[in-house]
Amino acid sequence: MKRAFALLFVASALPLLAGCGEAEDPVPERPSPTPEATASRAAGARSVIDMTGRPVQLGEEIRTVAAMSPAAAEFAAALGLEVVGRSSDTPETVAPGAKPTGSTISPDFNAIAALAPDLVLADAAYHAGRTRDFDRFAYPVYVLKANSYAEVLAALTALGEATGRAEAAAGARAAIAARAETAIASARAKAAGAKAPKVLILTGGGRDVFAGGTGSYLGDLVAALGGENVQGAAAEGGPVAGFGVIEVTQAASLAPEVVLVLSSGVGGLAAQIASQAAWANTPAVAQGRVHDLDTSPYLRAPGPRVAEALERLLPLIWP
């Protein structure tokens, strides 16, 4: 399961590993995974509560941010904050000019401290167990939580209030909600008098396959568009919230009409499904409705792109 979890984040880097040159790349400085860095920084004048219930002391003005995950970077960018540090798995296009500060699952606290950010943004999906580390760090760490459409809107509001950008947050929230509600209304119109399509969400690859239940982020979006999640509430044991272990042949027995795949390795889970005899007569395979989704907006970075995510899902669930 740990292997599958890691693959979700390194898949985008695999093409870079395929080639090799004559000269070896320089070995980067070893990251500091614990907050041992010290800094002469006075305690913030304001106390706010982050989305895990932690009190965080902030300065009067928040301008620069180090984002510890792709989602955190997207939230900061949506509010017009200057992202000076980003995780190595965050696309540079999200935060142009930001310095890499370790990966989402292995942050480099020394690299973050070297940037002296006004605020560090963490992600509850990956960092909820590191709150003691954050409490010891020289710079304030605010933990975001967004595992549903409603939580994305709530996170924008909370972060806007914490950083003094409530107006920007309200504008971003209104723009997102307008697009999202249009997609949801379109789904309701298509669903009128029709049976809800049976949808299965899968991630992983090889022998490590997980089904997304109603408690997953993608599961929440499917429900918003009127799809029936055949997995229901996922069992425990998955790499991220809302996912549970499942065998590929067992998944076929659920007879899904739509399969949404979040592949995590070379070869792809969608191809694995297509090659197995157990899947041949399922409605999804028979009708060509096995869809390989981009993991970024549906798994790695749930956040301000939620309206776009719903718009892209709509024709897959209701063609």
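This is a predicted model: local features need pLDDT of at least 70, side-chain atom pairs count only at pLDDT 80 or more; totals for chains, interfaces and linings use all residues.

Student: Which residues of H8 are buried?

Tutor: In H8 the buried ones are Ala169, Ala172, Ile176, Ala177, Ala180, Ala183, Ile184 and Ala187. A helix here is a DSSP run of H or I with at least four residues, a strand is a run of E with at least two, and both are numbered from the N terminus. The buried residues of H8 pack against helices H3 (70-78), H7 (149-163), H9 (217-224) and H14 (306-317).

Student: How do you know that the span of H8 agrees with what 1.5 Å a residue should give?

Tutor: The expected span is 1.5 Å times one less than the number of residues. For the 26 residues of H8 (166-191) that should be 38 Å, and the end C-alpha atoms are 36 Å apart, so the two agree. Just after H8, Gly193 has a positive phi of about 75°.

Student: Why is Thr295 called buried?

Tutor: Its relative accessible area is 13%, and the cut-off is under 20%, so Thr295 counts as buried. Thr295 belongs to helix H13 (295-300). Not counting residues up to four places away in sequence, Thr295 touches Leu262, Ser263 and Arg300, where contact means heavy atoms within 4.5 Å. Ser263 is 32 residues away along the chain, with 7.5 Å between the two C-alpha atoms.

Student: And what makes Thr90 buried?

Tutor: A relative accessible area of 2% puts Thr90 under the cut-off, so Thr90 is buried. Thr90 sits in the loop between strand S4 (82-86) and strand S5 (99-100). Neighbours within four places aside, Thr90 contacts Ser69, Pro70 and Ala73.

Student: What makes S5 an edge strand?

Tutor: Strands pair if DSSP finds at least two bridges between them. S4 and S5 run parallel and are joined by two bridges, so they meet that definition. Five strands form an open sheet in the order S5-S4-S3-S6-S7, with parallel pairing. S5 and S7 (141-144) each pair on one side only, making them the edge strands.

Notes: Residues are numbered from 1 along each chain as its sequence is written. Side-chain values use heavy atoms; hydrogens and water are left out. Buried means under 20% relative accessible area, exposed over 50%, partly exposed in between (1.4 Å probe, protein chains only).
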